[in-house]
Amino acid sequence: MSIATGALRNLQDVARDPRSWWQRSKGNIELWANLIVIGWALVFMLWRGGGFAITVGSVFAIWAILAVSLNLVVGYTGLLSVGHIGFFGVGAYAMAVLSSNASYEQLRTEAIPTFGWPFFAALPFSVILAGLVALVVGVAFNRFRDDIYVLVSFGFAVIAFTTFLSWRNLTRGAFGIHEIARPAIGPLVFEGELEFLALLLVFLGLVVLIAWLIVTSSFGRVLTAIREDEEGIQVFGYHTTHYKLAIWVISAMMAGLAGALLASWSTFIDPNSFVLLESVLLVSIVILGGLASIWGSLLGALAFVMLEEGMRFVPFLPSEFIGQIRQVILGILLVLLMLFRPQGLVGRFKL
Amino acid sequence: MSLAQLRDVSLVNFLKIREQQSRLLAVGLTAAIVGYIGWKIVQSPDQALQFAFNGLAVGAVYALLAMGFTLVYSTVWFFDLYYGAAAAIGAYGVFYLRSHDVLGGQYAVNSGPVNVLFAVVTAGVAAWALQVLLYRRLHTRLQPKTLLIVGGLLATAFGIYTGLVLANPANLHVLLSPLVAALVAGVAIWALNRAHLRFALQTNQGPFAAMVAVAIALGVLVAIFVASTPGLGLYLSWFVACLLSGTVSLALYRGLYVTMRERANSPLIMLVASLGILLAITAFITIVFRAAPRPLPDTFGSEPWTIGGATIKGFNVFAIGLALAGFGVLLFVVKKTAFGKAVRAIGDDEEVAKVVGINTTVVIAVVFFIGAVYAALAGLVSGHDTAIQPRMGLLLLLKGWIASVVGGIGSLYGAIVGGFALGMLEQFGIWDLAGEWRDVISFIVLIVFLSFWPQGLLPRK
């Protein structure tokens, strides 16, 4: 709400007195970051037309759910977790295994069980499974802090990836799982891309709402206090380990949701979507967008998706290098941000 | 006894009980692991010997990584994730220089922009090194303008030399012979001078001139030998790859970390920035060399030897020797030289070190250089052992990090012990599993160590 009214007030200001508005908001990096990223996305979508907008919107929604969920842990609670892709993968594989129809030819050694559950039955299961994994991992990780936390969370991502790749009786290893069910409510099947986009946006709205409720509640204020001074808040009688565990599990469940949606959206997954580097990219999205700001995570995800899509239309760029060049740009952006703006584009918290 | 005191006593008791429980658990765990390994050894000694060899071979790589990592960390006290890219640059540097030799040259790579990039980086680093080494001594005697021109020319020459070496990998032995000769002569002069200072303090300068003559003669002989032996190309490429990795690390330190360390108020900022660098360099390597794994050429000792029912490659024995030698050199440098004293002083308190007149920027720069050379050695050894791929950097970084935590963070003895221990545990751990689970095992080792022995095996004193 506040964003909308703020934007409206800004517009009124521009209309009333452009010169003084320019003087006031020349150095307002947040405003320019917002304007440039959103303007860029809008122009691109108008230029490329509907199909492009639907694809970009779907990819954006999945990354945005992930980024918002990670921001709860990294930005609000101050635990720099690099292993979030693991929960994403757990959700995706739970959805894939449970709802794949598996009509393809199976090698005997790679035979996996088939369940054929519908989407909406598998979805809660995937989310809860991600939460359970997070509970176990969180109990083990709760005592660590700062740079050691980074190391062990790297470890979780590696363990998760190895499990997806090597537990062949369940995940078919490097072959991946095909024909994952599309969601259906009675006769209404989300077969088309537009319907699925609507579903994704509904879930994104739900996640943003939950995140917003969390960070504006007293629970969220305790999380912020843990970030600022953990011993300090312990003195007031808060069991910080419980709070950290709770937000860790909630965040992992959101990531699991994103994974389940990805599996159903692309109808095929393999371990390559869950490598360690993707996890690092996710962290860089969160930091780029802004720590401790939900809007920042949405903006970061949009910028990340538009960076890739935008580069597809640079004439002399070979298409196989786009992902790599995006990675180079993100890496350099990360360095520049740490140098000049450690809170990210629209963030509230300096690392 | 008041209520508050009572509560304090109960809290202390609670903590004590908790500590005892944790110690008990740790002892039980150790006993279980030792028992498991012992049972395995009794079951099939030959296989156990094989796994022990493999563990030592892998451990050599981890030990090299952990030594450099711990040296850098215990000096600047932040985790420099660029370190993984340094290992990847080491391995890919060797591939770049020998790609015409690998599998009939089907993956041959030699791109002009890369050569120019490295030439520019080297020129920049050389300019800075010249400024540090010579400017302060000469600016009272010579005009600033002359110094600037001469220094600029020298730095440019260094850059062009680097570009030439990179552009003509087939003639590496000829191109590098002067550099190797200069290095041999320099080391000879340094060693002789040290011996001279220690054993013959009273004598005049006569013997010193003789020593210089001997050293120069030695250098010329080495140069002639190197230039006439094309077979040395591979080993010279190791040398160049290590130097390149160190140069990039130095450039990053001087160009970026110095500024960042002044601004940053938390080690996490440095960690995230170095993560960005790691991302960028990994992607750059992928663009130049593609994502698919590549082999490195055969070395001496690629033939397996059989020792008591187990086989080991001669190259692995060499790698273990290299790790031990690297440990010896590092120990000597840190414990016995003035430079090492400065490194330890900076590690203890950088501000105080600055106050007592240590040029901390230069010392830390050299530390970064040495660290990157160790990483590059580890990267190329592991590359020769298996294969290289762009994302190897991140994985090697994590292994070095784990090994240094297992050994005791910031401790040099801990680094080598932790490296070999991690290698052994990993290999014995995959005895009943498939080889792809080894990364999982090493992270489980890490979490167990952090939970029960957060200080590591041999903690820093």
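Predicted model: local features only at pLDDT ≥ 70, side-chain atom pairs only at ≥ 80, totals over all residues.
Local features need pLDDT of at least 70 and side-chain atom pairs count only at pLDDT 80 or more, while totals for chains, interfaces and linings use all residues. Residues are numbered from 1 along each chain as its sequence is written, with chains lettered from A and ligands numbered from 1 in the order in which they are written.

At the interface, 34 residues of chain A are in contact (C-beta atoms, placed from the backbone, within 7 Å) with 32 residues of chain B. On the chain A side, α7 (146–166), α13 (276–289) and α15 (322–340) each supply at least two residues. Helices (H or I, at least four residues) and strands (E, at least two) are DSSP runs, numbered from the N terminus. The most comes from α7(A), with 13 residues. By class, this side has 25 nonpolar, seven polar and two charged residues. Ala, Val, Leu, Ile, Met, Phe, Trp, Tyr, Cys and Pro count as nonpolar, Asp, Glu, Lys and Arg as charged, and the others, Gly among them, as polar.

In chain B, strands β1 (residues 304–307) and β2 (residues 310–313) run antiparallel and are joined by four bridges; pairing requires at least two DSSP bridges. Pro304(B) stands opposite Lys313(B).

In chain A, the axes of α10 (residues 218–228) and α12 (residues 240–266) come within 10 Å and cross at roughly 110°. Axes are lines fitted to C-alpha atoms, for helices over the stretch in contact, and angles run from 0 to 180 degrees between N-to-C directions. The contact is made by Val222(A), Leu223(A) and Ile226(A) of α10(A) and Thr240(A), Tyr243(A), Lys244(A) and Ile247(A) of α12(A).

Methods. Contact = placed C-beta atoms within 7 Å.
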